[in-house]
Amino acid sequence: DALEERLEFLLQLGCGLLESGQTAASSRYLVATCGRGLGLQGMKAMTRGRMLRVGAQGSDATPQILSAPAGTFDVIDCTRARDLARLVEEVDRPDAEPLTGPEAESFLANGREEVQRLRSRGTPWWVVTLGLTLLAFFISMQVGINWRTWVAAAVVQVASSLVGFAVAPLRAPRLVVVAAQACAGGALATALVQMGLVDPVGAAAAIAVNWLLLLPLPQMVNAVMDLLSFDRRMALVRLSRVALAVGGLVIGGAFTFLLGESLGMAHPRLDTLPGMPWYLVLVFSALAAVGNAFANGGRFSLAVPAAVTGFATAGVNQVLLLVVGLPTLAANTISAFVLGILAGIYAVRAGYPQQVLALMGITGALLPGIPGFLGILQEMGQGSGLPWFGQAALIMLGIGVGVGIGSFLYEAVRLAALWVVHKVARVGRREPKGASP
């Protein structure tokens with residue numbers, strides 16, 4: 001059945017988009033656009049949580065619906081998301097008729113093979129580990145301290161990533177995976193202190209960076225966009241994944257602090273707040289964004305867009321902090337809002353999805369490393385780090401809301417413009433050939 005074959009292809013395409021980190025709204029739009037390009041009447045794409053449904057009308061006007069769940073959406077695969085979107089662009093031609101006959105069959109044959117290949121292909125573990133290690137190194141440089149701290153952050157991140165890949169085949173819940181990674185990072189940082197390779201302050205900075213990178217920030221951003229798109233079920237699914245990750249960090253934190261106390265580790269002292277000149281913040285933000293690009297399945301073609309996004313976001317943030325004098329929470333939220341819009345504009349030129357570039361800017365320039373670091377210092381010094389952890393959580397929430405709203409507004413304007421273009425092109429095709437202008 002030709003209709004069923006087309007719907008099956010669209011279903012696999014949509015699941016691939018969701019598994020690559022695309023939002024539910026973007027996935028629905030791309031699938032529906034591809035279906036209309038294949039000439040399907042009454043084409044609709046719907047999401048309910050992880051479940052994707054596609055439907056269209058047959059030649060006898062009888063509707064047919066297929067559904068399947070997306071495998072996972074915990075990560076962003078930049079290259080796969082870009083390649084799947086490019087597949088849709090082959091049939092998304094406002095000035096052309098939908099594909100039919102041999103042309104449509106050829107596209108479906110090649111498209112099915114390409115979607116299967118892309119869904120089965122994952123970023124090699126060593127590439128992800130290398131990217132996260134570079135990201136941890138450059139984020140720790142923004143915190144300051146000394147070179148031992150930067151190296152310790154990289155080493156701790158390597159250990160945490162390897163534990164994550166080791167536990168992944170067991171299909172353990174997200175809570176268990178993040179707890180194992182947080183415990184491994186905390187234990188290694190404590191061991192480095194015991195061996196005299198880094199001081200307690202440096203260990204606290206390394207732990208803070210590792211725990212920040214364990215938070216599924218893409219899920220927070222996409223959850224906000226899902227809420228703005230009135231897809232509450234998908235938003236709740238994403239937020240539940242965030243809650244599980246936070247629970248794992250709580251377990252890892254309790255283990256790390258108890259381990260330090262049991263070993264009698266010296267309490268860290270910090271006489272001056274770490275900092276770095278604004279121009280170095282811009283440089284390291286750009287480098288951190290490049291590291292994150294590789295960690296999320298990017299290739300060398302994403303390096304420059306990631307660096308530009310990280311640099312621009314850091315520049316906006318530094319102006320708001322140093323020139324305007326806004327508090328960190330307000331500055332990061334506004335910077336995230338601007339980032340959401342800039343990522344959408346730049347995504348058209350870079351060829352990568354909007355949320356991919358937004359993620360690069362966030363991790364490069366806006367992660368609340370200092371509050372997390374100070375909270376860990378307080379806990380290691382037998383104080384209460386809850387105020388600092390609360391501030392870090394608010395900043396993360398502000399970043400997610402800011403990027404989500406900025407991205408949503410840009411996407412709404414872009415989709416409205418595309419709708420107008422499609423309508424104008426359709427009217428032009430319907431105009432009689434002999435009609436005067």
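This is a predicted model: local features need pLDDT of at least 70, side-chain atom pairs count only at pLDDT 80 or more; totals for chains, interfaces and linings use all residues.
Me: Where does E19 lie?
Reply: E19 lies in helix α1, which covers residues 2-19.

Me: Buried or exposed? And why would E19 be classed that way?
Reply: E19 is buried, because its relative accessible area is 8%, and buried means under 20%.

Me: Which side chain joins that of E19 in a polar contact?
Reply: The side chain of R119 does, at 2.7 Å.

Me: What else is E19 in contact with, leaving aside its neighbours within four places in sequence?
Reply: Besides R119, the contacts of E19 are A70, G71, T72, V75 and R80.

Me: Changing topic to the sheet: how many strands form it, and in what order?
Reply: The open sheet has 3 strands in the order β1-β2-β3, with antiparallel pairing. Its edge strands are β1 (41-48) and β3 (63-69), each pairing on one side only. From one strand to the next, the twist averages 15°.

Me: How many bridges join β1 to β2?
Reply: There are 6 bridges between β1 and β2 (residues 51-57). T47 stands opposite L52 in β2.

Me: Now the helices. At roughly what angle do the axes of α8 and α15 cross?
Reply: The axes of α8 (residues 200-214) and α15 (residues 369-380) cross at roughly 130° and come within 8 Å. The two helices are therefore oblique to each other. The crossing of α8 past α15 is right-handed.

Me: Which residues make the contact?
Reply: From α8, they are P200, V201, A204, A205, I207, A208, W211 and L212. From α15, they are G369, G372, F373, I376, L377 and M380.

Notes: Residues are numbered from 1 along each chain as its sequence is written. Side-chain values use heavy atoms; hydrogens and water are left out. Helices (H or I, at least four residues) and strands (E, at least two) are DSSP runs, numbered from the N terminus. Buried means under 20% relative accessible area, exposed over 50%, partly exposed in between (1.4 Å probe, protein chains only). A polar contact is a pair of N or O atoms within 3.5 Å; within protein, one must be able to donate a hydrogen and the other to accept it, and residues adjacent in sequence count only if both atoms are side-chain atoms. Contact means heavy atoms within 4.5 Å. Two strands pair if DSSP finds at least two bridges between them. Axes are lines fitted to C-alpha atoms, for helices over the stretch in contact, and angles run from 0 to 180 degrees between N-to-C directions. Angles under 35 degrees count as roughly parallel, over 145 as roughly antiparallel, 65 to 115 as roughly perpendicular and the rest as oblique. A crossing is left-handed if the near helix is turned anticlockwise from the far one by less than a right angle, and right-handed if clockwise.
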